[in-house]
Amino acid sequence: MQTFTTDVLIVGAGPVGLTAAIVLTQHGHDVVVVDRQAEGTNTSRAAVVHPHTLELLEPYDVVDDLVARGVHTPTFTIRDRDDLLIAVPFSELPTAYPYTLMISQADTEAFLLNRLEQLGGKVLRPADVTGIRQTVDHAIATLADGQQIRARYLVGADGMHSTVREHAGIAFSGGSSGWIAPHVRDGKSFALADVRLSGGVPADEVILYFSPAGLVVVAPLPDGMYRIVATVDEAPQHPDIAFVQSLLDERGPVATPAVVDEVVWGSRFRVHHRIADAFRDNRILLAGDAAHVHSPAGGQGMNLGIEDAVIVGESLSQVLDAGADETLLDDYAASRHHTARGVVAMTSRLTELATASSRRRPIRNRVMRLAGKVPAVRRALAWRLSGLDRR
């Protein structure tokens with residue numbers, strides 16, 4: 001049985017795992033990344049990169065590629081059909097990136113992987129972790145082919161159904177727990193589609209449409225496409241033109257309707273509201289969806305995960321390189337757990353607002369419209385959604 005020894009083993013090669021690997025490798029540490037998939041993602045999935053995320057990635061030489069490829073959208077609006085409820089101005093934020101960057105996750109992963117390879121790193125795939133055990137000084141992972149990887153620390157960045165979290169015995173709490181909006185149904189079905197549109201949708205704005213039938217997000221992507229995300233009772237596995245058109249007809253603009261010309265890609269997923277009870281167990285740390293999952297409202301998921309990755313990478317680097325006290329890793333676990341609770345609660349409330357009943361809808365609209373006229377409210381929302389409040 002062959003055994004590799006490394007400083008850090010990262011399980012999962014999505015944006016979170018790749019980011020953590022880049023941080024550690026650039027700081028001179030030996031890192032092994034494994035992923036169960038034979039290839040990286042070839043779909044868009046997460047498509048939003050916020051200003052704070054770009055700021056965090058600046059030292060790692062990937063931002064220029066991301067910014068050059070993505071669509072810069074300086075405004076996030078919440079609407080009820082044609083009725084503008086509130087406009088959130090990212091363009092006024094004190095940052096080098098005063099916009100939401102819309103870019104396919106496939107592109108984001110490709111740029112991150114390219115940077116890791118430039119630094120001499122690579123991803124072992126397909127490599128399925130079948131077992132993890134810990135000693136006083138190491139975490140030891142066994143792969144499906146019998147190989148073992150011995151690491152001083154192991155980072156689980158392997159998504160909602162995390163093998164690492166499961167083997168560490170860390171519970172994944174949530175659902176109807178009291179810290180999320182009480183009326184947001186756990187396991188809600190969402191449809192995703194990347195489409196070509198014509199009609200009444202701007203090319204420089206991310207729009208969250210509220211509707212009693214459910215929310216729908218319409219956002220521009222590179223190459224003239226748009227991302228559609230919508231809550232539905234039961235999303236089809238492969239949304240077609242007729243299905244996406246029905247969502248926009250029911251929830252989108254009325255005066256100048258949006259017309260779906262082509263569905264380039266479509267999928268579905270279920271949203272759960274979960275946070276790991278702990279982000280650290282001795283030599284094991286969690287990041288990204290392995291640690292927290294929530295509604296896509298506000299486009300927070302991948303951004304929160306990349307933020308985890310940068311912080312855990314920098315914390316581990318200090319412990320490995322400078323001999324910093326391991327309590328620094330406890331600080332990571334505690335602070336990220338606290339941050340995740342706040343983000344999950346915020347996205348859950350947005351989802352609850354978006355799906356308000358017909359009875360509550362007029363009151364909600366009136367309150368939001370009035371709040372949207374207050375500059376301080378618009379600024380506060382921009383700071384919160386952009387992640388800059390977590391600088």
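Two strands pair if DSSP finds at least two bridges between them. Helices (H or I, at least four residues) and strands (E, at least two) are DSSP runs, numbered from the N terminus.

This is a predicted model: local features need pLDDT of at least 70, side-chain atom pairs count only at pLDDT 80 or more, and totals for chains, interfaces and linings use all residues. Residues are numbered from 1 along each chain as its sequence is written, and side-chain values use heavy atoms, with hydrogens and water left out.

**Stop 1: a strand and its partners**

Select strand E15, residues 216-221. Six of its six residues are buried. Buried means under 20% relative accessible area, exposed over 50%, and partly exposed in between (1.4 Å probe, protein chains only). Val216, Val218 and Pro220 point one way from E15. Val217, Ala219 and Leu221 point the other way.

Find Ile207, which stands opposite Val218 in E15. E14 and E15 form a hairpin with six residues between them. In that turn, Gly214 has a positive phi of about 130 degrees.

**Stop 2: the cores**

A nonpolar core is a set of buried Ala, Val, Leu, Ile, Met, Phe, Trp, Tyr and Cys residues joined through side-chain atoms within 4.5 Å. Select Leu9, Ile10, Leu154 and Leu316: of the 72 residues in the largest core, these touch the most other members. Helix H7 (residues 301-321) gives the largest share of this core, nine residues.

Which residues is Leu154 in contact with, leaving aside its neighbours within four places in sequence? Among them are Leu9, Val11, Ile132 and Arg283. Contact means heavy atoms within 4.5 Å.

A second, separate core has 32 residues, including Ala47, Val71, Phe90 and Ala382.

**Stop 3**

Select Ile78, Leu350, Leu353, Met368 and Leu381. Of the 16 residues that line the second largest pocket, these are the closest to its centre. On a 1 Å grid over the protein atoms alone, a pocket is an open set of points where a 1.4 Å probe fits, with protein on both sides within 12 Å along at least five of seven lines; lining residues have an atom within 4 Å of a point.
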